[in-house]
Amino acid sequence: MNSHLFLRCFMICYVASASSSPILCHDAERSALLHFKQGLSIHPSASIDPSAYPKTLSWKSTGNVSTDCSKWDGVECDELSGHVIGLDLSSSCLYGSIQPNSTLFELVHLQALNLADNNFRGEIPEAFCNATSLKVLILPSNRLSGKIPPCLFNLSSHLEILDLDHNDLHGTIPEAFTSSCKLKRLFLGTNRIEGALPRSLVNCSVLEALVLENNIIVDTFPIWLSGHPGLQAIFLGSNKLHGPLPQKFGIGFPSLYQIELSDNQFTGNMSDELFDDLYAMQKLRLQSSEIEVAIDLLGGEMPIQYSWSHFGSSYPIISVDLSKNRLVGKVPDSIGNLTGLQYLNLSYNNLTGGIPFSFSDLAQLQSLDLSHNRFSGEIPQGLTQLSFLSQIDVSYNQLTGPIPQGVQFNTFNKDSFIGNTGLCGSPLSKKCGNPEVQAASPNESSSKEDEDSTDVMGWVIRSMGYISGLVVGVVIGRMISDENHDWFVKTFGRRQHKKSKKMKQRGIR
């Protein structure tokens, strides 16, 4: 047993023996929480999570309900000192703003703050920059606006999670990450962040997730982050990234299992090595997009249930999304090595060649989108073996031949295959015919030839009769029309006119 663990055990035993009652939360911190509550209002529509409820209703200063703030919903106190170290008011139907003089900043021991999925408005106060104990700051899915205080990034020397996703923040990310950076997760997606990715992020050697999707980032793929062996997720979709993809995603990213680069301006071919060495994608992970982050707080580890996918947008655990770029050429066969892959989207590019047979090795694949490319050839029959495949879209390509039939493929509708004029079979209305017709026997062939000869002779005889009748008819018609032209036009011209009128009334042209 090391000395640190022994000291902690000793302190717990000492406190337990020295006092017959547990340490209550401090009066000053209880008062600070109550004042923070008074500055906010509760609106059921402020949170979109169906399970949201106003946690602050349990915060009371008097009455039968406990005045010990350690027992209030969303409040975590240190077991030894009684100080408030964690505050989780996510999805609490709160409406208001965080003022620079808010009593929230009087909680100087606060290490984790979660205000996600509420309706906080206004700017992020610079007072957060004085919260030197803070390790977790989670403020996504609010209506925060303005620029992110540059000093907030200076907290990376002790801040481990910074989540400002789904707000209305703008500006650039400063070059503020130092060599002492402890940041594990940086979430700034769905804002109006612009400029280039800060190269100082290379100092965040323990970075696990970088989420900057749906912004205005102008840059190339951050291959310079390849020295981060713990990086697991890169979400840079819907920006203005450009240039080629890296030669190999796996260079320096052995732990990467979520790649989201959709809706950018990447160009060029996918190299044969692109998907090599992505070892984290070669094994199955738990079927959940929610992870538990254990943050080592002063009074022990504080587990925080934290989802990498926010409200209304969910990604499977192992995913690659390169859709809506300008990629060309063939898909490398090495993609079949990603045997744990669950979600693959290559739609809206200019990819050519056949659908790789190695797709059949993606045993965990649940969703496959190859639509709006120029894939040709047949759909590999081996895809019917993918028992987890619940969504497929190969529409608007140049595919040909019969659509494979199988347990999963029988559940897909025609929208998954339209726009391929050469495809046939269910669920399309175009039939493929009978591919199992056997070669005819010699007797059957001879009989068929006799029948064909008879048909030909009959056709010749009938044709001669038709021609003779036609000649006679023309001669007679000529005589009638010359001598009785007015009667001919009056009789047959009117009938033709009435017939054309009826056809037009029925929509026939």
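Rings of Phe, Tyr and Trp (its six-membered ring) pair if their centres lie within 6.5 Å; planes under 30 degrees apart count as stacked, those over 60 as edge-to-face, and the rest as tilted.

## Basis of the report

This is a predicted model, in which local features need pLDDT of at least 70 and side-chain atom pairs count only at pLDDT 80 or more, while totals for chains, interfaces and linings use all residues. Residues are numbered from 1 along each chain as its sequence is written, and side-chain values use heavy atoms, with hydrogens and water left out.

## Aromatic rings

By the rule for rings, the count comes to 8 aromatic pairs. In the pair of Phe105 and Phe128, the ring centres are 4.9 Å apart and the planes stand at 85°, so the pair is edge-to-face. Helices (H or I, at least four residues) and strands (E, at least two) are DSSP runs, numbered from the N terminus. In these terms, Phe105 belongs to the loop between β4 (94–97) and β5 (112–114), and Phe128 to the loop between β6 and β7 (136–138); the pair links distant parts of the chain, 23 residues apart. Phe128 has a relative accessible area of 3% and is buried; buried means under 20% relative accessible area, exposed over 50%, and partly exposed in between (1.4 Å probe, protein chains only).

Phe409 and Phe412 also form an edge-to-face pair, with 5.3 Å from centre to centre and 70° between the planes. Phe409 is buried at 2% relative accessibility, and Phe412 is buried at 7%. Elsewhere, ring pairs link Phe221, Phe249, Phe253 and Phe275 into a cluster. A charge may also sit over a ring, which requires NZ of Lys or CZ of Arg within 6 Å of the ring centre and within 35 degrees of the ring normal. Lys324 lies over the face of Tyr348 in this way, at 5.8 Å from the ring centre.

## Parallel strands

Two strands pair if DSSP finds at least two bridges between them. Strand β6 (residues 119–122) and strand β8 (residues 143–147) run parallel and are joined by 2 bridges; Gly122 has Leu144 in β8 as its bridge partner. Strand β8 also pairs with strand β10 (residues 168–171), in the parallel sense and over 3 bridges. Here the bridge partner of Ser145 is Asp168 in β10.

An open sheet is formed by 7 strands with parallel pairing, in the order β16-β18-β22-β24-β26-β28-β29. Its edge strands, β16 (242–244) and β29, each pair on one side only. From one strand to the next, the twist averages 20°, where axes are lines fitted to C-alpha atoms, for helices over the stretch in contact, and angles run from 0 to 180 degrees between N-to-C directions. Strands β16 and β18 run parallel and are joined by 3 bridges, and Gly243 stands opposite Phe266 in β18.

## Disulfides

A disulfide is a covalent bond between the sulfur atoms of two cysteines. The criterion used is a pair of cysteine sulfur atoms within 2.5 Å, and a search of the whole structure finds 4 disulfides. With bonded cysteines counted along the chain, they follow the pattern 1-2, 3-4, 5-6, 7-8. Cys77 is in no disulfide, and the nearest cysteine sulfur, that of Cys69, is 4.2 Å away.

One of the disulfides joins Cys25 to Cys69, with 1.9 Å from S to S. The torsion about this S-S bond is about 140°, so the disulfide is right-handed. Cys25 lies in the loop between α1 (3–18) and α2 (27–38), and Cys69 in the loop between β1 (41–42) and β2 (75–77), 44 residues apart. Another disulfide joins Cys424 to Cys432, with 2.0 Å from S to S. Cys424 is buried at 9% relative accessibility, whereas Cys432 is partly exposed at 37%.

## Backbone features in loops

A cis peptide bond joins Ser426 and Pro427, with omega about 10°. Pro427 lies in the loop between β29 (422–424) and α4 (442–483).

Asp263 is not a glycine, yet has a positive phi of about 55°. This residue is found in the loop between β17 (258–260) and β18 (265–269) and is partly exposed, at 37% relative accessibility. Asp277, also not a glycine, has a positive phi of about 65°; Asp277 is found in the loop between β18 and β19 (290–297).
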